[in-house]
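Welcome! Have a look at the picture first, then read on.

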Amino acid sequence: MSSTSLATAVERLDSRIACDPSIDAELFERLLREQRELGLLHDERSTCPFLRPLILSRTQYDGVARAAETIAAAFERMADAALSDDALMAELELTEREKVMARVDPGYERLCVTSRLDAYLNGEDFKFLEYNAESPAGVADQMQLEKVLFDLPHMREFMERHPAHWRPQPHRQLLRALIETYRQWGGTRETPQIAIVDWEGVATASEFDILKDYFEAEGYSTRIADPRALGYDGEALMAGDFRIDILYKRVVIHEFLKEFDETHPLARAYAEHKVCMANSFRTKLAHKKAGFAILSDPAYGYLFTPEQSACIARHIPWTRRVREGRISYKNEERELVDVLRREREHLILKPNDDYGGHGIVIGWETDATRWEAAVRDALKTPFVVQERVEVLKLRVPMLTARGLEREEMFADFNPFLFLNRVEGGLVRLSSSSLCNVSSGGGETALLVLENF
């Protein structure tokens with residue numbers, strides 16, 4: 001079927017929701033309560049006010065998945081090259097501690113055990129804007145969102161009307177990837193023990209409890225631990241009396257290395273091949289946003305296969321490090337600072353290494369004075385500039401304290417990768433063009449229709 005018929009099916013669903021008298025304040029309170037019980041929270045805020053998932057055709061989903069896998073492989077080639085090329089390493093602007101830890105062999109082949117590419121959809125086209133190569137959140141959200149959304153009467157009816165549908169299971173692929181990586185690393189325990197490691201009290205902590213319950217239901221003893229609570233006796237990394245075989249690292253590398261150095265128990269056990277850590281310190285090479293500047297600059301085309309180069313040209317926006325000098329912009333040689341000052345409406349500034357939307361300055365939403373100040377700051381600190389891309393807007397039914405609404409929102413679809421294979425993705429919607437749950441946006445589930 002055509003994309004038009006998919007749009008018709010979704011519009012019919014939205015109309016069904018709009019006419020449903022049972023969608024009221026009582027349902028709103030129940031959905032909030034269910035989300036709190038299921039851990040669908042960012043800090044204490046429920047993340048899903050929406051009444052349906054993002055619905056993609058199999059053709060749309062597979063197109064994004066193929067491109068994401070190709071781009072992830074390109075980032076891996078770039079990271080491998082940077083380990084033996086000091087000039088390329090310098091382009092990524094890692095700190096000295098990050099460089100030291102990136103050169104430690106993690107003990108397995110694949111760069112990223114789990115990762116996420118963040119994409120904006122626009123009709124049949126899409127662009128990848130960021131790569132969370134080191135600590136992607138949201139892997140458990142699909143299964144929890146399904147519990148909230150897919151039992152609603154209108155969704156049961158929709159899935160009965162379209163029985164050829166598919167629901168991704170990224171949480172299962174995460175566990176599979178962790179165990180497969182542990183075996184490649186040399187682990188021999190039949191049921192290795194897993195520690196989920198991040199700072200106590202982080203905004204995404206509720207996800208750790210969900211994953212712990214799932215891992216243990218599959219037979220793998222699991223502990224949630226703060227990096228400050230780890231110990232190492234030269235034989236095993238420990239969280240109290242709990243031996244850690246697989247360390248599922250959710251703590252952000254630059255935050256960890258700001259507090260600790262290579263003498264920390266985690267770093268020592270990792271370097272001495274006493275714990276299988278995923279993702280490794282090496283993933284910082286692909287996580288830096290300057291990687292997009294390398295991928296999108298034809299000068300580095302020699303790093304990539306013809307297939308990867310074609311995919312980059314189509315799906316990676318023009319990106320450059322912010323610094324004095326001449327660059328190519330729209331097939332013209334120009335001073336980068338001149339481009340920054342004259343093309344504000346088409347550009348966005350991003351810190352080279354941050355998350356949650358921190359430090360991002362959107363040119364088309366910023367006045368000239370504030371933009372000029374942001375440019376001056378970006379010239380002093382590692383930043384990249386990226387070209388504006390067209391963003392899909394959706395009118396998704398949502399239930400709020402004010403009642404049923406259908407507000408036009410920006411939407412992104414961010415595929416999860418496990419050992420460079422896509423399974424599902426994080427779907428975010430926001431009234432702001434900064435589609436980010438940390439910045440106040442929400443999320444919903446994904447449903448793929450096979451026959452469209």
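## The second largest pocket

By class, the 14 nonpolar, seven polar and 11 charged residues make up the lining of the second largest pocket. Here Ala, Val, Leu, Ile, Met, Phe, Trp, Tyr, Cys and Pro count as nonpolar, Asp, Glu, Lys and Arg as charged, and the others, Gly among them, as polar. The space in this second largest pocket is about 720 Å³. Of the 32 lining residues, Leu56, Gln60, Leu121, Gly123 and Glu124 are the closest to its centre. Two or more lining residues come from each of α1 (3-18), β3 (54-57), α3 (58-84), β5 (125-132), α14 (306-315) and β20 (393-395). Helix α3 gives the largest share of the lining, seven residues.

On a 1 Å grid over the protein atoms alone, a pocket is an open set of points with protein on both sides within 12 Å along at least five of seven lines, whereas a cavity is a set of points where a 1.4 Å probe fits but cannot get out; lining residues have an atom within 4 Å of a point. Grid points are joined across faces, edges and corners, and a volume is the space filled by probe spheres set on the points.

## About the model

This is a predicted model, in which local features need pLDDT of at least 70 and side-chain atom pairs count only at pLDDT 80 or more, while totals for chains, interfaces and linings use all residues. Residues are numbered from 1 along each chain as its sequence is written, and side-chain values use heavy atoms, with hydrogens and water left out.

## The whole protein

The protein has 16 helices and 26 strands. These are DSSP runs numbered from the N terminus: helices are H or I with at least four residues, and strands are E with at least two. Along its principal axes, the C-alpha trace spans about 60 × 60 × 40 Å.

How does the radius of gyration fit a compact globule? For 452 residues such a globule would have a value near 22 Å, and the protein's 22 Å agrees. The radius is taken over C-alpha atoms, and the globule rule is 2.2 Å times the number of residues to the power 0.38. Of the 452 residues, 58% count as buried; buried means under 20% relative accessible area, exposed over 50%, and partly exposed in between (1.4 Å probe, protein chains only).

## Two open sheets

Strands of a sheet pair through backbone hydrogen bonds, either parallel or antiparallel. Two strands are said to pair if DSSP finds at least two bridges between them.

Five bridges join β17 (residues 347-351) and β19 (residues 383-387) in the antiparallel sense, with Leu349 opposite Val385 in β19.

## A covered helix and a cavity

Helix α6 (residues 141-149) is mostly covered, with eight of its nine residues buried. Among them are Asp141, Gln142 and Leu145. These names return in the lining of the largest cavity, which includes Asp141, Gln142 and Leu145 as well as Phe416 and Glu443.

The structure holds one cavity of 30 Å³ or more, and the largest cavity has about 40 Å³ of space. At least two lining residues each come from α6, β24 and β25 (442-444). By class, the lining has four nonpolar, four polar and two charged residues.

Most residues other than glycine have a negative phi, and most peptide bonds are trans. A cis peptide bond joins Ala278 and Asn279, with omega about 0°. Asn279 lies in the loop between β13 (276-278) and α12 (284-287).

Where is Leu419 found? Leu419 sits in the loop between β23 (408-418) and β24 (421-430). Its phi is positive, about 55°, although Leu419 is not a glycine, and at 14% relative accessibility Leu419 counts as buried. Asn420 lies in the loop between β23 and β24. Asn420 has a positive phi of about 70°, and at 8% relative accessibility Asn420 counts as buried.
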